[in-house]
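Subject: Structure handover

Hello,

Please find the structure below. My notes on it follow.

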Amino acid sequence: MHDIKSMKREIPVFEVPDAFSKRATIAGMGVYNALCAEAEKDYEGFWARLARGNLFWSRPFTQALDESNAPFYRWFGDGQLNASYNCLDRNLQTGNGDKAAILFEADDGALTRVTYRELHAKVCRFANALKSLGVSGGDRVVIYLPMSIEGVVAMQACARIGAIHSVVFGGFSAKALQERIADLGAVLLITADEQMRAGKVLPLKSIADEALTMGGCESVRHVVVYRRTGNRIEWIENRDRWMHEISASQPETCEAEPVDAEHPLFVLYTSGSTGRPKGVQHSTAGYLLWAMLTMQWTFDIKPEDVFWCTADIGWITGHTYIAYGPLAAGATQIMFEGVPTYPNAGRFWEMISRHRVSIFYTAPTAIRSLIKAADANPQVRPSRYDLTSLRLLGTVGEPINPDTWQWYHHHIGSDRCPIVDTFWQTETGGHMIAPLPGATPLVPGSCTLPLPGIMASVVDESGQALPDGSGGILAIRRPWPSMIRTIWGDPERFRQSYFPAELGGNLYLAGDGAIRDKDNGYFTITGRIDDVLNVSGHRMGTMEIESALVAHPLVAEAAVVGRADEVTGEAICAFVVLKRECPLGGEARQLAGDLRKWVGEQIGPIAKPKDIRFGDNLPKTRSGKIMRRLLRSLAKGETITQDVSTLENPAILEQLGEAF
Ligand code: PRX
């Protein structure tokens with residue numbers, strides 16, 4: 001905390017450029033303050049006004065918020081609407097039919113452009129195809145696709161017929177996919193033959209096939225396959241169908257099914273503090289409202305903007321700021337299949353220049369890796385590219401350190417573009433604490449102020465508000481429309497995870513620590529307070545990785561901690577005890593390699609530990625509790641100077657200090 005205060009003294013404040021605030025939707029702190037005051041004064045009236053003014057309702061709602069069954073809040077409960085209608089049909093009605101909705105750039109640079117009219121037709125055809133396969137309202141559809149227009153079509157088609165989609169990131173393993181399919185009892189799986197990343201062909205359909213043979217997936221009746229590469233794949237007659245074939249003969253229109261406001265739009269799995277990922281369930285109306293509003297408020301979206309969010313559709317950012325928000329806002333967006341470093345680390349900057357991108361939204365990890373690449377290779381320095389089309393920059397997913405912020409501001413934004421550092425989570429549906437680019441003076445490293453209607457506080461362990469300037473637990477005091485509704489199939493876990501009784505039972509616990517500045521009320525996120533790691537902006541539970549490790553036949557015990565990493569934010573460090581003697585030298589290196597591969601197969605390559613250390617035991621207290629703070633110090637390479645008097649086996653520390 002001291003560090004934060006002393007750091008802040010040296011960090012300049014970046015005032016809002018006049019040119020920006022003049023044209024902004026929220027032009028100045030006066031407008032921001034008025035919206036906050038409106039929400040304070042009449043919370044339900046505030047949200048009701050916004051929901052009526054922004055969404056098209058098939059049946060208007062009469063009550064904004066129902067708190068009778070808290071924390072299972074209901075928003076706009078007796079209203080009906082359709083998310084796909086709001087994203088597509090409305091754009092055809094308002095004259096956006098011929099406007100580009102998505103400009104898709106493939107890994108190899110090939111471009112595909114779809115207008116709102118074309119996207120509408122594709123979605124309708126595929127929605128009809130889904131119906132022809134017997135998919136109907138409330139059915140769960142798992143989507144395991146690479147970044148593609150077809151991915152958005154699949155999500156929108158589900159929304160159109162009231163089916164609940166669950167996108168599984170294409171980097172997850174067969175086992176991770178199987179667990180999600182089984183938990184949901186999905187009737188359909190949509191995948192691709194293969195995917196392309198950095199010039200390499202990677203499998204998808206074969207992983208999906210494997211997942212379906214693992215047991216628990218008997219509910220899946222069909223597998224729909226998007227043909228991406230056209231290479232030969234295994235095919236199961238009657239079960240498998242080509243996406244293009246089943247869509248081709250279908251009509252170009254499909255009635256958008258009105259659903260209840262609270263109808264689940266999707267379930268997206270994320271990591272928590274236990275070994276089992278949580279199926280975060282979102283609603284239709286509240287979620288879509290916030291996706292739309294944050295496009296207007298945080299991104300200040302205008303009809304002529306070219307918006308680019310680099311996230312994958314497998315994460316919440318790709319849901320809210322690719323598949324729903326930009327479409328609901330009638331924007332033109334770029335969608336990218338590849339990686340920022342292929343064919344070279346200038347790819348992002350080159351694409352911004354070629355597509356005249358005006359709003360660019362990415363993760364701090366990507367920026368940090370591109371800074372490193374630009375330092376090493378003058379050919380990929382941003383100064384070599386024309387970035388004059390940019391007017392706004394954004395970051396998401398992890399804290400951005402002030403140095404990286406200032407590089408981004410100077411080298412990409414030419415000291416001209418505001419940066420919106422957006423704090424939010426899978427569970428929050430959209431931005432929670434973020435600057436409004438036409439109003440909020442920026443302080444690098446701070447996500448600044450809660451958006452209007454978001455009642456954020458810093459509290460202590462009993463839920464009492466803390467004075468500004470002291471670090472504590474980030475909590476949200478009132479329900480908001482786009483919040484998580486429940487954990488799929490586990491309402492009790494939902495209540496305990498997010499509305500813990502220790503905090504009084506009515507505060508939403510974000511799982512992050514925060515500090516609110518004494519002078520300006522700005523929030524700085526200090527990191528997770530639970531056993532969740534953030535590696536390259538990807539969220540992972542330490543227990544999830546530990547469970548994967550102990551599932552290996554040779555592993556007796558494992559403990560996973562994070563350690564700071566210059567590029568990825570945090571890196572995974574695993575301490576492992578084998579069922580046999582502790583390995584040394586070459587054997588240890590070999591085994592560490594095997595275990596990394598194993599974790600890759602159990603969860604996915606993103607969960608592979610960077611360091612693996614072997615020991616005869618783990619540092620434990622006399623009561624058998626693993627002393628994680630010691631493991632965290634060891635992971636950092638620190639010599640242990642802390643009190644180890646409660647440690648049962650101090651000799652273990654030396655052995656565990658060595659990485660393989
Ligand atoms: O720890 C916070 C961090 O990412 C977590 C949420 O991860 P996930 O659900 O995967 O969603 C990521 C994309 C919204 C948070 O609990 N986080 C997210 N954004 C920021 C952040 N930490 C600091 N600053 C941010 N802007």
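How far is the sulfur of Cys 417 from the closest cysteine sulfur? The distance is 17 Å, to the sulfur in Cys 309, which is too far for a bond. A disulfide here means a pair of cysteine sulfur atoms within 2.5 Å.

Before the rest, some notes on the source. This is a predicted model, in which local features need pLDDT of at least 70 and side-chain atom pairs count only at pLDDT 80 or more, while totals for chains, interfaces and linings use all residues. Residues are numbered from 1 along each chain as its sequence is written, and side-chain values use heavy atoms, with hydrogens and water left out.

Cysteines

The structure holds 0 disulfides.

The ligand

The ligand is surrounded by 17 residues, and the closest are Asp 421, Thr 426, Asp 512, Arg 528 and Arg 539.

At least two shell residues each come from helix H12 (316-328), strand S20 (419-422) and strand S25 (523-528). Helices (H or I, at least four residues) and strands (E, at least two) are DSSP runs, numbered from the N terminus.

Gln 425 places a polar side-chain atom 2.9 Å from an oxygen atom of the ligand. From the backbone, a polar atom of Gly 397 is 3.2 Å from a ligand nitrogen atom, and an N or O atom of Glu 398 is 3.4 Å from a nitrogen atom of the ligand. On its own the ligand has 540 Å² of accessible area, and the protein covers 94% of that. Such areas come from the Shrake-Rupley method with a 1.4 Å probe; for residues, only the protein chains shown count as cover.

Phe 523 belongs to strand S25 and is buried at 1% relative accessibility. Not counting residues up to four places away in sequence, Phe 523 touches a list of residues that includes Ile 433, Cys 447, Pro 450, Val 458, Leu 474 and Ile 515. Contact means heavy atoms within 4.5 Å. Phe 523 and Ser 470 are 53 residues apart in sequence, with their C-alpha atoms 11 Å apart.

Glu 546 sits in helix H17 (residues 542-550) and is buried, with a relative accessible area of 10%. Its side chain makes a polar contact of 3.0 Å with the side chain of Arg 628. A polar contact is a pair of N or O atoms within 3.5 Å; within protein, one must be able to donate a hydrogen and the other to accept it, and residues adjacent in sequence count only if both atoms are side-chain atoms. Leaving aside neighbours within four places in sequence, Glu 546 is in contact with Ala 558, Ala 559, Val 560 and Arg 628.

Loops

Arg 416 lies in the loop between H15 and S20 and is partly exposed at 36% relative accessibility. The side chain of Arg 416 reaches the backbone oxygen of Leu 390 at 2.9 Å. The C-alpha atoms of these two residues are 9.0 Å apart, and 26 residues separate them along the chain. Ser 414 is found in the loop between helix H15 (402-412) and S20, and has a positive phi of about 50° although it is not a glycine.

There are also cis peptide bonds to look at. One joins Ala 70 and Pro 71, with omega about 5°, and Pro 71 is in the loop between strand S1 (65-66) and strand S2 (74-75). Another runs from Tyr 342 to Pro 343, with omega near 0°.

Regards

Note on methods: A residue is near a molecule or strand if one of its heavy atoms lies within 4 Å of it. Buried means under 20% relative accessible area, exposed over 50%, partly exposed in between (1.4 Å probe, protein chains only).
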